Amino acid sequence: MNTFRNRLEEERKKKGLTQRGLAVELNIPVSEIAFYELGDKKPNLDTLNKLADLFGVSTDYLLGRSDQRQNINQQIKDVLSKDPVLHEFWEEISRREDLQLLFKQTRDLEPDSIYRVIEIIKTIEDEERMKYGG
């Protein structure tokens with residue numbers, strides 16, 4: 001079973017595109033799409049990337065290397081794009097090694113322990129507010 005050709009055809013149909021319509025979108029001959037779907041030819045890297053972008057899937061998904069339609073980074077970006085506060089927070093975590101370490105250290109804790117860590121952080125915040133008159 002050629003996963004690429006099957007996934008290409010499936011994604012093309014989900015988009016409501018004919019082979020000709022997909023060829024127009026990619027600015028390639030329609031025969032190329034037919035060859036891809038027959039399994040007689042593979043796209044070059046540029047075309048593969050265009051296909052993945054057009055369908056909103058990862059290249060690994062198209063190639064059959066993963067069953068996850070999007071790579072994890074794209075999934076994160078999609079979630080963050082819907083919530084500006086989360087997006088800002090993610091950007092801050094991306095820049096700060098100390099926050100990354102905090103999350104790594106707490107990742108495997110039980111929810112009750114996480115709430116205890118939050119309470120400790122709130123206590124430290126209160127102490128700083130009192131100390132600096134805030």
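The protein chain contains nine helices and zero strands. Please bear in mind that this is a predicted model. Along the sequence, the pattern accordingly reads α-α-α-α-α-α-α-α-α.

Let me turn to overall dimensions. The radius of gyration of the protein chain is 23 Å, whereas a compact globule of 134 residues would have a value near 14 Å. Taken along the principal axes, the box filled by the C-alpha atoms is roughly 70 × 30 × 25 Å.

Next, burial and surface. Of the 134 residues in the protein chain, 22% are buried. The accessible surface amounts to about 10100 Å², with 51% of that area belonging to carbon and sulfur atoms. As for contacts between residues at least 6 apart in sequence, 41% of them join residues at least 24 apart.

I now come to the helix pair. In general, two packed helices are described by the angle between their axes and the distance between the axes. How do the axes of helix α1 and helix α3 cross, and within what distance do they come? Helix α1 spans residues 3–14 and helix α3 residues 30–38; their axes come within 7 Å and cross at roughly 125 degrees. The two helices are therefore oblique to each other. On the α1 side, the contact is made by Phe-4, Arg-5, Leu-8, Glu-9 and Arg-12; α3 contributes Tyr-36, Glu-37 and Leu-38. By class, the residues of this contact comprise four nonpolar, four charged and no polar ones.

Thank you for your attention.

Key:
Residues are numbered from 1 along each chain as its sequence is written. This is a predicted model: local features need pLDDT of at least 70, side-chain atom pairs count only at pLDDT 80 or more; totals for chains, interfaces and linings use all residues. Side-chain values use heavy atoms; hydrogens and water are left out. Axes are lines fitted to C-alpha atoms, for helices over the stretch in contact, and angles run from 0 to 180 degrees between N-to-C directions. Helices (H or I, at least four residues) and strands (E, at least two) are DSSP runs, numbered from the N terminus. Angles under 35 degrees count as roughly parallel, over 145 as roughly antiparallel, 65 to 115 as roughly perpendicular and the rest as oblique. Contact means heavy atoms within 4.5 Å. Ala, Val, Leu, Ile, Met, Phe, Trp, Tyr, Cys and Pro count as nonpolar, Asp, Glu, Lys and Arg as charged, and the others, Gly among them, as polar. The radius of gyration is taken over C-alpha atoms; the globule rule is 2.2 Å times the number of residues to the power 0.38. Buried means under 20% relative accessible area, exposed over 50%, partly exposed in between (1.4 Å probe, protein chains only). Accessible areas come from the Shrake-Rupley method with a 1.4 Å probe; for residues, only the protein chains shown count as cover.
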